[in-house]
Amino acid sequence: MDIPRGYAGSVTVIDLTEQKAQIQPTDIFFREYGIDPRLWLGGDGVITKILWKDFPEPIDPLGPENEIIISTGPWTATAAPQAGRAMLGCIDTKTGGFGSGSFGWFFPSILKYSGVDVLIIRGKAQKPTYVFIDNGKVVFKDASHIWGKETGETVRMIRKELEEHYDGEIRVLSTSVAGEHLVKYSPPCSDGTSCPGRSGAGAVMGSKNLKAIAVRGTGEISLYDPSGLLESSSRAVKTFIEKEPMIKLWREQGATTSLGTAMDWPISGAMLVENRQEADFPHLKNVGCLNCPNPCYHWLQIKDGKYSGLRHLGGHMTFLTVCLRNLGIQDFSEWIYYERLMQELGLDPASFSMAYSWAVDCFERGILTLDDTDGITLKRGDSEIICEVARKIAYREGKLGNLLADGVAEASQKIGKGSEAIAPHVKGKEYIQRDVKIQALMWSLGALTSPRGGDWLRHHNVWELVFLPEKKDTYPKFIGKTCVEVYQESLKLLDMPDELKKNIFGDSQKMDMEWIRDTKGKALFSVWTENLVALFNSLVTCMFGSATMFLMVGFGPTTYSEILNKITGWNTTYEELMKVGDRVFNLQRLFNYRLKGWDYRNDTFGDKRAYEPAQIGIFKGKVVPWDEVLKEYYSIRGWSERGLPTKEKLRELQIEDLANGLEL
Amino acid sequence: MERKVLVFDPYLCSGCMYCMTACSTFNEGSTSLSKARLQIIRHEGHALTRIDQEDDLIFLFVACQQCEDAICSGVCPTSALKRDVATGAMVINRDKCVGCRMCLMNCPFGAISFNLRKKQVFKCELCSGDPQCVKFCQSQALKFIPVEEAPLGKRVWTAAKALKGLLEKGRSEKEGR
């Protein structure tokens, strides 16, 4: 297996139990794991293959046999746009199945500049340890004095201890107190900035006594066609900035653009927009990861009030939406403090907010009593109580802290009394909204079929949300256009074959609002989107630049293949790359089936409200026909009625040998 | 002849380092931060503090200023550093550079680096008049503009600030009377 240009060249496998590191050339490692780089690229593709080989049987996710796998891709750390990303994989602490998360800032690129394509960490250290990868060389360091420190201080202490010459020379991926206390939804955090969330990798690090991974890398990435790469990247970025309808807003306001616009939650959208306009948004500037043309981080500063002086790099969608919708926090300063606190403690804001919100529901229904909550009167909207509970969870303090640290699925099983019926999760993992029906159909379908359980980031198609008819006064007005204009413009630019567009949007391709309220074409669009997400998670590049994500017509497979070919010298096409996404997604499904036995029976919401008529939103007055949509989805995917890939499908994807011995 | 220079605004920079990756890719044929001829110096206070100890996040720019009276050229024993009259850049003649690093030691800005593999120094040479860093800067923090216009941005900003102060003072004095 030849490794082309664009890869760093080595794979580092660390055994914490033995305190040993093995550094292998990437081609030898890939051969051992049966990874053809052209079929799997990097990132999620490589992680899925490694998990497939290493975990034929279920394990305890918090036992020493779990692995931390950080995989960059051929895209990472090159001159391609948005090259600052990598994936971090493990066995998911909540579901026990496939787990991974995307993260950025500068750890991934510096890791690759240090010569590492893939980093695997196994075993368990006897005492708190951190690992330093210094231009490829691995050093084990004692972390006893850092254990118990929150994120920011951990980063500072490690960078100081390793005597970095300038800020950012050494990059640190660390776990915080929540990870140390094995809170099941604790993510690690890279330089206190970007977290590979949702799969509990912070708790996995905690279970391994691994406080942090530090890296210094000053190397270079060789390229097949450097000037061609610059030319293609420059053209892609230019087109993006000129044509993308959302980009102007985004560049002015960052990820919170989406608040009242693209992600206008039907339940409280209007209020968000007005708040957004009236609030003195304490925004200093936008900041981004490596090579990002549309940076999403806000550099924020609170000017007055309780948190006066607080500075924070963030301002991300998830935090604000969960803050408003699940926690009822209305105040911008409190929201920013909440986001910062989540990062410092190492808590997943989505899972925490769902756990808290569920606990409030239980409390109001009398299922949880003051005795269960250690005397705290749970309610929404009071940020002091919310932050207090967050700290209790992070340290697993008292009855409430311990109960909620395991997430809603386990907690509801533990306390029973009908709390299971209001526990919003899929396959044991919380999804982001309290009631899925008020969201759009594709978004919710993504939660059902995501390989890492109830999740929205493996789908995240915003087309229904952006063009909700009742939103015509919000989103387009910011850019001086009508809803119909934006829709038609986006449809034209969307990087998709005409035939497929026709099958999804119908023949006329005019602004047909009924499409949004209907189920037609949604399953097909979902499959395409999931394959695209699996593709850019394998390259690895960022969702914020990709088609149908926040920016609706960002980079598509055509751009990806053009740029990837300049990096590697391959001659990939649109179809070939979309097939990579399809392959990765299918193997993740197969992996979960082999490990957990998941099939169609598990593609259900834990929350019974999902199967009742909706009171508001797209499906107002209707029961969403989940079974019908799933059936259509399975058949488009080439899966059996059991929701499993068929032998033919696997043959088409060149992975039929992996199904040997499996009953499909 | 028109002389153009690189100017940088730290308040606009998003810290994405695309200028650096584009620079090394264009000039060295591979992507790296260490081989970039310009360096964005990061101050990442935000990542290093506890929630109650706040610090700033800001980026600075260091690259060859193409000094009119260039020290590097004066100390070079082989006269390898010469001005390109078309672009105004100080350019290294690779046939002449012996890798003695005298220029590196004497540059007041630390804008000259050493390439261990090639055993020669390297510095910003303005990409023959079409700096790639500027082309890839999406936040408009880096500009390549005529030297006469270099102070304009800051001057307008200062004037606007002063004007605002004057107007406010004038208004309050009027009201006071």
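This is a predicted model: local features need pLDDT of at least 70, side-chain atom pairs count only at pLDDT 80 or more; totals for chains, interfaces and linings use all residues.
In chain A, strand 9 (residues 170–174) and strand 10 pair in the antiparallel sense over two bridges; here, two strands pair if DSSP finds at least two bridges between them. Within that pairing, Leu173(A) has Ser190(A) of strand 10 as its bridge partner. Helices (H or I, at least four residues) and strands (E, at least two) are DSSP runs, numbered from the N terminus.

Residues are numbered from 1 along each chain as its sequence is written, chains are lettered from A and ligands numbered from 1 in the order in which they are written, and side-chain values use heavy atoms, with hydrogens and water left out.

The two strands belong to an open, mixed sheet of five strands in chain A, ordered 8-7-11-9-10. Its edges are strand 8 (137–142) and strand 10 (189–190), each pairing on one side only. Helix 5 (residues 151–161) of chain A packs on this sheet and touches strands 7, 8, 9, 10 and 11, its direction making about 140° with that of strand 9. Contact means heavy atoms within 4.5 Å; axes are lines fitted to C-alpha atoms, for helices over the stretch in contact, and angles run from 0 to 180 degrees between N-to-C directions.

Chain A also holds an open sheet of six strands, in the order 2-1-6-3-4-5, again with mixed pairing. Strand 2 (20–25) and strand 5 (98–103) are the edge strands. Six bridges join strand 4 (residues 86–91) to strand 5, the two running antiparallel, and Met87(A) has Ser102(A) as its bridge partner. Helix 3 (residues 43–54) of chain A lies across strands 3, 4, 5 and 6, at about 20° to strand 4.

I turn now to the interface. In total, 50 residues of chain A are in contact with 41 residues of chain B. The two chains bury about 3,600 Å² between them, 55% of it on carbon and sulfur atoms; buried area is the accessible area (1.4 Å probe) that two parts lose on being put together, summed over both. Five salt bridges are counted between the chains, each a side-chain nitrogen of Lys or Arg within 4 Å of a carboxyl oxygen of Asp or Glu. One of them joins Asp56(B) to Arg311(A), with the closest N and O atoms 3.0 Å apart. On the side of chain A that touches chain B, helix 8 of chain A gives the most, with six residues.
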